[in-house]
Amino acid sequence: MNSGSILSGRPSLGAWVNYGLGSANRNLPSFVVMLDDRDPIGGPKQWSAGFLPASYQGTQFRQGDTPLLH
């Protein structure tokens with residue numbers, strides 16, 4: 001759904017935008033993923049960088065005391 005392909009392993013739309021346009025800040029994530037109360041089907045592969053370098057992958061935010069996982 002997020003990559004435009006039914007096969008997993010393709011870069012997500014956010015990864016392609018970051019790859020093409022670049023990031024506004026080198027110290028912040030290029031794009032973030034904000035989830036509701038549950039993970040989507042397919043999990044983190046939905047916002048992965050696929051075959052692009054890992055720096056283009058999205059960072060998951062979550063609800064609670066600490067919004068960042070790492």
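Colleague: How many aromatic pairs does the structure hold?
Modeller: This is a predicted model, in which local features need pLDDT of at least 70, side-chain atom pairs count only at pLDDT 80 or more, and totals for chains, interfaces and linings use all residues. Residues are numbered from 1 along each chain as its sequence is written, and side-chain values use heavy atoms, without hydrogens and water. Rings of Phe, Tyr and Trp (its six-membered ring) pair if their centres lie within 6.5 Å; planes under 30 degrees apart count as stacked, over 60 as edge-to-face and the rest as tilted. The number of aromatic pairs in the structure is three.

Colleague: What is the geometry of the pair formed by tryptophan 16 and tyrosine 19?
Modeller: A pair of aromatic rings is described by the distance of the centres and the angle of the planes. For tryptophan 16 and tyrosine 19 the centres are 5.8 Å apart and the planes at 80°, and the pair is edge-to-face.

Colleague: By how much of a helix are tryptophan 16 and tyrosine 19 separated?
Modeller: Helices (H or I, at least four residues) and strands (E, at least two) are DSSP runs, numbered from the N terminus. Both residues are in helix H1, three residues apart, so the separation is about one helical turn.

Colleague: What kind of pair do tyrosine 19 and tyrosine 56 form?
Modeller: Tyrosine 19 is partly exposed, at 45% relative accessible area (buried is under 20%, exposed over 50%, partly exposed in between, with a 1.4 Å probe and protein chains only). Its ring centre is 5.5 Å from that of tyrosine 56 and the planes are at 85°, so the pair is edge-to-face.

Colleague: How many residues apart are tyrosine 19 and tyrosine 56?
Modeller: Tyrosine 19 is in helix H1, while tyrosine 56 sits in the loop between strand S1 (32-34) and strand S2 (59-61).

Colleague: Is asparagine 18 buried or exposed?
Modeller: Asparagine 18 lies in helix H1, residues 13-21. Beyond four places in sequence, it is in contact (heavy atoms within 4.5 Å) with Ser23, Ser30, Ser55 and Tyr56. Its relative accessible area is 7%, so asparagine 18 is buried.

Colleague: Which backbone nitrogen does the side chain of serine 48 reach?
Modeller: Serine 48 is in the loop between S1 and S2, and it is buried, with a relative accessible area of 14%. Not counting residues up to four places away in sequence, it touches Arg10, Pro11, Ser12, Ala15 and Gln57. At 3.4 Å, its side chain reaches the backbone nitrogen of glycine 50.

How values were computed:
A polar contact is a pair of N or O atoms within 3.5 Å; within protein, one must be able to donate a hydrogen and the other to accept it, and residues adjacent in sequence count only if both atoms are side-chain atoms.
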